[in-house]
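Dear colleague,

Please find the structure we discussed below. My notes on it follow directly after.

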Amino acid sequence: MRRLPAIVPASALALALLAPAPPAEATFVPEGRPTLAGFSHLVVDEAHSHLFFSQGSAGAVVVTDLSGVTSSTLATLDGATDLVLAPTGDTVWVALPTGAAVAAVDTVDLSVTTYAIGSGTCPSRLAVVDGKVWTVAQCGSAAAELYRLTPGTGSVADLGAIATGTLVAGSPQLPGVLVTARPTDVGATLEERDVATTPAQPTIVATNDLLPSMPLQIAVSADGQRVVTSRGFVYRSSDLSLGRDRGDPGVDTALAVRADGQIAYGDLRTVHGFRLPGGSAMVDVPLSPAHLLADGLGYGAHDVYAVTSDSTGFGVTPLQLRLPTAFRVVLDSARVRYGHPVGVSVTAPAAPVGAPINLYAKQQGSPARLVAQGGLDSGLRFDTSYVVKADATLTATFAGDADWAPWEAQASVSVRPDVAMALSGQVKVVDGSYVYRSGSKVHVVATALPRDTRGCVRVRLQVKHAGRWRPYAPSDCVRVSARGKVTESLGHTAPLRGVEARVSSWLFDHPDDVAEAHSAWTPLTFVR
């Protein structure tokens with residue numbers, strides 16, 4: 001039996017809308033008022049627009065619509081405790097401790113079929129694994145027993161003693177495995193039991209006996225890769241090692257796991273939500289003055305339904321846990337030459353694949369404009385580029401949806417000036433080389449981009465001597481005009497007939513600074 005590392009709880013992250021912001025507060029008002037005398041468990045059957053409430057010793061199972069308005073009371077299910085919706089969605093299984101039975105409720109017509117477990121058994125906890133129903137049964141101080149019910153035949157197998165207070169859970173994606181949690185003197189032990197080879201007592205195949213406290217609920221994620229407790233901890237189903245420390249040992253009332261990996265758990269006054277796989281920042285929804293009840297969370301397609309109690313009775317409210325996540329805008333470079341593209345990557349450690357991304361660019365004194373659109377790929381990344389012609393702030397946005405909060409993230413890019421050059425006064429151009437008469441002037445017009453660039457331009461004429469380029473007739477550094485222009489004429493060209501020469505314009509912030517940019521070297525030929 002493997003012993004695994006101790007758990008170290010992590011702090012929850014607050015909801016961030018659009019940009020990093022203080023924790024969001026949600027006003028909670030119980031919307032529905034189901035007719036309940038007590039509460040034990042909740043099951044959400046959104047496919048048939050039903051909520052099922054068991055009341056324990058207080059009464060029968062109550063069925064409401066999704067707003068909490070009572071539509072039926074299943075009188076034969078008096079004293080029901082645990083409720084489990086079968087993976088097929090056609091049956092709600094009900095534990096009946098006072099009836100020594102387990103019942104199946106048809107989710108279409110609400111008809112009830114009862115299966116006797118045995119005299120004096122008191123079934124209280126349920127799980128469905130491989131199409132069979134597993135129940136922990138215990139009456140008073142008697143020893144707890146694990147039973148297996150095979151629907152259809154109605155056969156029941158007693159698989160022997162199990163620890164008092166044991167919780168059970170299963171998943172179609174974890175075939176042949178029953179997950180259990182049992183209390184210990186110092187906390188709890190989480191176990192996986194092989195139930196594929198029964199009728200023998202199920203063999204324990206993985207264990208973690210270092211849980212600091214006993215959870216009220218456990219569940220298996222829809223992909224079968226994780227086991228989650230109502231304290232918000234996530235364990236790997238492969239060996240029950242701690243996979244993601246998102247929980248709090250002092251937080252425990254209810255738990256719900258959605259098919260796409262969203263997790264909701266709660267304490268008395270708050271519902272906490274995050275998402276697996278990959279993880280996301282935490283979102284907290286305060287419930288005060290109402291308080292969340294144990295086993296009082298259940299998921300639909302988007303909403304999580306919360307059962308609460310306050311001074312006026314019981315309430316049920318669908319909550320939207322719109323999860324935040326840490327998005328980033330990453331640039332290839334923070335400073336890019338004028339007219340050149342910068343690579344832009346929008347990344348997210350946890351977000352919806354395909355989330356539509358808009359990229360805006362804002363320059364000083366101008367409104368923001370849309371420059372790119374796309375969606376997050378399977379790697380949760382959106383790549384594009386932006387041509388830089390001025391300092392700009394790039395903002396990527398996602399408008400949010402039913403499950404994810406809107407957000408925006410920014411990065412800034414500055415323009416590195418460039419300089420272009422035009423020549424005049426030449427006789428002709430041959431194979432890219434400008435041809436001049438020796439002794440004539442070389443007229444150079446340099447244009448700094450962007451045109452409001454401050455600084456000066458130095459025109460450099462070089463000649464090749466002994467295989468090396470050497471300066472010839474250097475010019476002063478001339479300030480750039482308001483139009484971004486510098487005009488310079490280079491003389492002293494009589495000695496250059498037949499000599500290989502070239503010219504370029506160099507842009508400086510200041511005459512003594514390192515050059516910011518220069519134009520391409522243009523070859524010159526001087527003839528008689």
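The mean pLDDT of the protein chain, a predicted model, is 90, and 94% of its residues reach 70 or more; pLDDT is the predictor's confidence in each residue, from 0 to 100. Over residues 1-29 the pLDDT is below 50. This stretch has 64 contacts in the model beyond near neighbours in sequence, a contact being heavy atoms within 4.5 Å. Where pLDDT is low, the predicted coordinates should not be read in detail.

Residues are numbered from 1 along each chain as its sequence is written, and side-chain values use heavy atoms, with hydrogens and water left out. Local features need pLDDT of at least 70 and side-chain atom pairs count only at pLDDT 80 or more, whereas totals for chains, interfaces and linings use all residues.

Disulfides

A search of the whole structure finds two disulfides, each defined as a pair of cysteine sulfur atoms within 2.5 Å. With bonded cysteines counted along the chain, they follow the pattern 1-2, 3-4.

Cys 122 sits in the loop between strand 8 (112-116) and strand 9 (123-129), and Cys 139 in the loop between strand 10 (132-137) and strand 11 (145-150); strands are DSSP runs (E, at least two residues), numbered from the N terminus. Cys 122 is buried at 18% relative accessible area, and Cys 139 is buried at 19%, where buried means under 20% (1.4 Å probe, protein chains only).

In the other disulfide, the sulfur atoms of Cys 456 and Cys 477 are 1.9 Å apart. The torsion about this S-S bond is about 80 degrees, so the disulfide is right-handed. Cys 456 lies in strand 40 (residues 456-465) and Cys 477 in the loop between strand 41 (468-472) and strand 42 (478-479), so the pair ties together parts that are 21 residues apart in sequence. Cys 456 counts as buried at 1% relative accessibility, as does Cys 477 at 17%.

Three strands form an open antiparallel sheet in the order 28-30-33; two strands pair if DSSP finds at least two bridges between them. Strand 28 (328-331) and strand 33 (381-388) are the edge strands, each pairing on one side only. Eight bridges join strand 30 (residues 340-347) to strand 33, and Pro 341 stands opposite Val 387 in strand 33.

With kind regards

Key. Helix = DSSP H or I, 4+ residues; strand = E, 2+ residues; numbered from the N terminus. Buried < 20%, exposed > 50% of the residue type's maximum accessible area, 1.4 Å probe, protein only.
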